[in-house]
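The following exercises are intended for a reader who is meeting this structure for the first time. Each one sets a task and then works through a solution step by step.

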Amino acid sequence: GNGRRDVPVCAALGECKMRLYRGKIELIAEEVIAALKASGAIEVDDPTEAKLDVESVLKEYLRLDREVVEEAKNRMEVRGLGYAQLGRVKSQVAKDRSAPAQDEVLPYLLDQILNILFHSNHVGEIFADDAEIRTTLTPVLRKHMEVDTELDREVRSKIKNLEEGTSEFEIEYARVMGQIKQTKRLS
(Lines give C-alpha, C1' and ligand atoms only; values in the text may rest on other atoms or scores of the structure.)
Protein backbone atom coordinates (compact mmCIF):
# COMPACT_ATOMS: atom_id res chain seq x y z
CA GLY A 1 0.00 0.00 0.00
CA ASN A 2 0.96 3.63 -0.27
CA GLY A 3 0.57 4.21 3.47
CA ARG A 4 -2.06 6.94 2.97
CA ARG A 5 -4.76 4.65 4.32
CA ASP A 6 -3.55 5.31 7.87
CA VAL A 7 -3.92 9.07 7.55
CA PRO A 8 -7.21 10.36 9.00
CA VAL A 9 -9.44 12.51 6.79
CA CYS A 10 -8.86 15.42 9.18
CA ALA A 11 -5.15 15.38 8.33
CA ALA A 12 -5.89 16.11 4.68
CA LEU A 13 -8.08 19.00 5.79
CA GLY A 14 -5.65 20.16 8.49
CA GLU A 15 -8.31 19.94 11.20
CA CYS A 16 -6.92 17.37 13.57
CA LYS A 17 -6.32 17.42 17.29
CA MET A 18 -3.59 15.27 18.77
CA ARG A 19 -4.86 12.95 21.45
CA LEU A 20 -2.90 10.22 23.22
CA TYR A 21 -4.94 7.22 24.38
CA ARG A 22 -3.61 5.19 27.30
CA GLY A 23 -4.63 2.01 25.49
CA LYS A 24 -2.34 2.81 22.55
CA ILE A 25 0.82 3.61 24.51
CA GLU A 26 2.31 0.11 24.28
CA LEU A 27 1.61 -0.13 20.54
CA ILE A 28 3.02 3.35 19.85
CA ALA A 29 6.20 2.59 21.83
CA GLU A 30 6.62 -0.70 19.99
CA GLU A 31 6.20 1.00 16.60
CA VAL A 32 8.56 3.84 17.58
CA ILE A 33 11.38 1.41 18.38
CA ALA A 34 10.61 -0.76 15.33
CA ALA A 35 10.55 2.26 12.97
CA LEU A 36 13.84 3.61 14.31
CA LYS A 37 15.53 0.20 14.08
CA ALA A 38 14.16 -0.40 10.56
CA SER A 39 15.40 3.00 9.33
CA GLY A 40 18.83 2.33 10.80
CA ALA A 41 18.49 5.35 13.09
CA ILE A 42 19.26 3.41 16.27
CA GLU A 43 20.84 0.20 17.47
CA VAL A 44 19.02 -1.27 20.45
CA ASP A 45 20.65 -3.40 23.14
CA ASP A 46 17.38 -4.42 24.79
CA PRO A 47 14.24 -3.77 22.68
CA THR A 48 11.85 -4.56 25.54
CA GLU A 49 13.51 -2.08 27.90
CA ALA A 50 13.88 0.54 25.15
CA LYS A 51 10.14 0.20 24.47
CA LEU A 52 9.46 0.67 28.20
CA ASP A 53 11.57 3.86 28.12
CA VAL A 54 9.37 5.26 25.34
CA GLU A 55 6.22 4.11 27.18
CA SER A 56 7.39 6.00 30.29
CA VAL A 57 7.58 9.23 28.27
CA LEU A 58 4.06 8.75 26.90
CA LYS A 59 2.66 7.86 30.34
CA GLU A 60 4.34 10.90 31.87
CA TYR A 61 2.71 13.12 29.24
CA LEU A 62 -0.72 11.62 30.08
CA ARG A 63 -0.08 12.23 33.79
CA LEU A 64 0.87 15.85 33.08
CA ASP A 65 -2.17 16.31 30.83
CA ARG A 66 -4.45 14.86 33.53
CA GLU A 67 -2.99 17.33 36.07
CA VAL A 68 -3.60 20.21 33.65
CA VAL A 69 -7.22 19.11 33.14
CA GLU A 70 -7.78 18.78 36.90
CA GLU A 71 -6.31 22.21 37.57
CA ALA A 72 -8.38 23.71 34.74
CA LYS A 73 -11.54 22.19 36.21
CA ASN A 74 -10.66 23.52 39.66
CA ARG A 75 -10.13 27.04 38.27
CA MET A 76 -13.41 26.85 36.33
CA GLU A 77 -15.28 25.75 39.45
CA VAL A 78 -13.77 28.56 41.53
CA ARG A 79 -14.66 31.12 38.84
CA GLY A 80 -18.08 29.59 38.10
CA LEU A 81 -17.25 29.03 34.41
CA GLY A 82 -19.14 26.62 32.14
CA TYR A 83 -17.75 23.55 30.36
CA ALA A 84 -17.47 25.57 27.13
CA GLN A 85 -14.54 27.44 28.74
CA LEU A 86 -12.50 24.26 29.41
CA GLY A 87 -10.29 24.63 26.34
CA ARG A 88 -9.34 28.21 27.12
CA VAL A 89 -8.71 27.55 30.82
CA LYS A 90 -6.79 24.35 30.00
CA SER A 91 -4.55 26.34 27.62
CA GLN A 92 -3.79 28.84 30.37
CA VAL A 93 -3.00 26.09 32.91
CA ALA A 94 -0.76 24.33 30.37
CA LYS A 95 1.10 27.61 29.83
CA ASP A 96 1.43 28.17 33.60
CA ARG A 97 2.87 24.67 34.06
CA SER A 98 5.12 24.69 30.99
CA ALA A 99 3.05 21.85 29.55
CA PRO A 100 2.41 21.66 25.81
CA ALA A 101 -0.65 23.41 24.38
CA GLN A 102 -3.00 21.32 22.24
CA ASP A 103 -1.17 22.25 19.02
CA GLU A 104 2.26 21.56 20.58
CA VAL A 105 1.64 17.97 21.71
CA LEU A 106 3.38 16.30 18.75
CA PRO A 107 6.60 18.39 18.89
CA TYR A 108 6.60 18.02 22.70
CA LEU A 109 6.34 14.21 22.53
CA LEU A 110 9.00 14.05 19.81
CA ASP A 111 11.35 16.08 22.05
CA GLN A 112 10.63 13.82 25.02
CA ILE A 113 11.17 10.64 23.00
CA LEU A 114 14.44 11.99 21.57
CA ASN A 115 15.55 12.87 25.07
CA ILE A 116 14.83 9.39 26.45
CA LEU A 117 16.57 7.71 23.48
CA PHE A 118 19.74 9.74 24.08
CA HIS A 119 19.69 8.94 27.81
CA SER A 120 18.51 5.32 27.66
CA ASN A 121 20.88 2.58 28.77
CA HIS A 122 19.02 0.27 26.40
CA VAL A 123 19.81 2.12 23.17
CA GLY A 124 23.31 1.18 22.07
CA GLU A 125 23.96 3.64 19.26
CA ILE A 126 22.12 6.50 17.60
CA PHE A 127 23.13 6.94 13.98
CA ALA A 128 20.56 9.53 12.85
CA ASP A 129 20.34 13.19 13.79
CA ASP A 130 17.36 14.72 15.60
CA ALA A 131 15.68 15.84 12.37
CA GLU A 132 15.87 12.33 10.82
CA ILE A 133 14.47 10.76 13.99
CA ARG A 134 11.61 13.29 14.08
CA THR A 135 10.85 12.56 10.41
CA THR A 136 10.75 8.82 11.14
CA LEU A 137 8.57 9.16 14.25
CA THR A 138 6.07 11.84 13.18
CA PRO A 139 3.94 9.51 11.00
CA VAL A 140 3.94 6.85 13.75
CA LEU A 141 2.61 9.29 16.35
CA ARG A 142 0.17 10.95 13.94
CA LYS A 143 -1.30 7.61 12.92
CA HIS A 144 -2.23 6.81 16.50
CA MET A 145 -3.01 10.27 17.82
CA GLU A 146 -4.78 12.37 15.18
CA VAL A 147 -8.43 12.91 15.99
CA ASP A 148 -10.82 14.81 13.76
CA THR A 149 -11.76 18.03 15.55
CA GLU A 150 -15.44 17.79 14.55
CA LEU A 151 -15.69 14.16 15.64
CA ASP A 152 -13.91 15.02 18.89
CA ARG A 153 -16.43 17.79 19.57
CA GLU A 154 -19.36 15.46 18.83
CA VAL A 155 -18.00 12.70 21.08
CA ARG A 156 -17.33 15.12 23.94
CA SER A 157 -20.85 16.52 23.70
CA LYS A 158 -22.21 13.01 24.22
CA ILE A 159 -20.01 12.20 27.24
CA LYS A 160 -19.77 15.57 28.99
CA ASN A 161 -21.07 13.96 32.19
CA LEU A 162 -17.78 12.05 32.54
CA GLU A 163 -14.60 13.50 33.96
CA GLU A 164 -11.84 13.97 31.40
CA GLY A 165 -8.63 12.18 32.28
CA THR A 166 -10.34 9.26 34.03
CA SER A 167 -10.28 5.74 32.65
CA GLU A 168 -14.10 5.87 32.43
CA PHE A 169 -13.80 8.92 30.17
CA GLU A 170 -11.15 7.21 28.00
CA ILE A 171 -13.22 4.03 27.64
CA GLU A 172 -16.46 5.88 26.88
CA TYR A 173 -14.68 8.30 24.52
CA ALA A 174 -13.28 5.37 22.52
CA ARG A 175 -16.67 3.58 22.52
CA VAL A 176 -18.66 6.63 21.40
CA MET A 177 -15.99 7.56 18.82
CA GLY A 178 -16.26 4.01 17.43
CA GLN A 179 -20.05 4.27 17.23
CA ILE A 180 -19.98 7.64 15.47
CA LYS A 181 -17.32 6.49 13.01
CA GLN A 182 -19.38 3.39 12.25
CA THR A 183 -22.54 5.45 11.80
CA LYS A 184 -20.70 7.84 9.47
CA ARG A 185 -18.90 4.91 7.80
CA LEU A 186 -15.50 6.34 8.68
CA SER A 187 -13.98 3.14 10.02
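Helices are DSSP runs of H or I with at least four residues, and they are numbered from the N terminus. By that numbering, Leu-151 lies in helix 7. The model used throughout is a predicted one.

**Exercise 1. Describe the place of Leu-27 and its separation from His-144.**

Step 1. Leu-27 is found in helix 2.

Step 2. The relative accessible area of Leu-27 is 37%, so this residue is partly exposed.

Step 3. In sequence, 117 residues separate Leu-27 from His-144, while in space the C-alpha to C-alpha distance is 8.9 Å.

**Exercise 2. State which residues of helix 4 are buried and where they lie around the axis.**

Step 1. The buried residues in helix 4 are Leu-86, Val-89, Lys-90, Val-93 and Ala-94.

Step 2. These residues cover an arc of only 140 degrees around the axis, and therefore lie on the same side of helix 4.

Step 3. The buried residues of helix 4 pack against helix 3. On the face turned away from the buried side are the exposed residues Arg-88 and Lys-95.

**Exercise 3. Count the aromatic pairs and describe the one formed by Tyr-21 and Tyr-173.**

Step 1. Rings pair if their centres lie within 6.5 Å. By this rule there are 3 aromatic pairs.

Step 2. The pair of Tyr-21 and Tyr-173 is tilted, with 5.8 Å centre to centre and 50 degrees between the planes.

Step 3. Tyr-21 lies in the loop between strand 1 and helix 2, and Tyr-173 in helix 8, so the pair ties together parts that are 152 residues apart in sequence.

Step 4. Both partners are buried: Tyr-21 has a relative accessible area of 15%, and Tyr-173 has one of 0%.

Step 5. Another aromatic pair, formed by Tyr-61 and Tyr-108, is also tilted, at 6.1 Å centre to centre and 55 degrees between the planes. This pair links helix 3, which holds Tyr-61, with helix 5, which holds Tyr-108, across 47 residues. Tyr-61 is buried, with a relative accessible area of 7%.

Step 6. Tyr-21 and Tyr-173 also belong, with Phe-169, to one aromatic cluster.

**Exercise 4. List the residues that Tyr-173 touches, not counting residues up to four places away in sequence.**

Step 1. With that exclusion, Tyr-173 touches Arg-19, Tyr-21, Val-147, Asp-152, Val-155, Arg-156 and Ile-159.

Step 2. For Asp-103, 70 residues from Tyr-173 along the chain, the separation of the C-alpha atoms is 20 Å.

**Exercise 5. Characterise the largest pocket by its space, its lining and the elements that supply the lining.**

Step 1. The space in the largest pocket is about 790 Å³.

Step 2. Its lining consists of 36 residues, and those nearest its centre are Lys-17, Lys-90, Gln-102, Arg-156 and Glu-164.

Step 3. At least two lining residues come from each of strand 1 (16-18), helix 3 (47-79), helix 4 (86-96), helix 7 (149-158) and helix 8 (167-183). Helix 3 supplies the largest share, 7 residues.

Step 4. Sorted by class, the lining has 16 nonpolar, 8 polar and 12 charged residues.

Methods. Residues numbered from 1 in each chain as written. Predicted model: local features only at pLDDT ≥ 70, side-chain atom pairs only at ≥ 80, totals over all residues. Heavy atoms only, no water. 1 Å grid on protein atoms, 1.4 Å probe; cavity = no way out; pocket = protein on both sides within 12 Å on 5 of 7 lines; lining within 4 Å. Points joined across faces, edges and corners; volume = space filled by probe spheres on them. Nonpolar A, V, L, I, M, F, W, Y, C, P; charged D, E, K, R; others polar. Buried < 20%, exposed > 50% of the residue type's maximum accessible area, 1.4 Å probe, protein only. Arc of directions from axis to C-beta. Contact = heavy atoms within 4.5 Å. Phe/Tyr/Trp six-rings, centres within 6.5 Å; stacked < 30°, edge-to-face > 60°.
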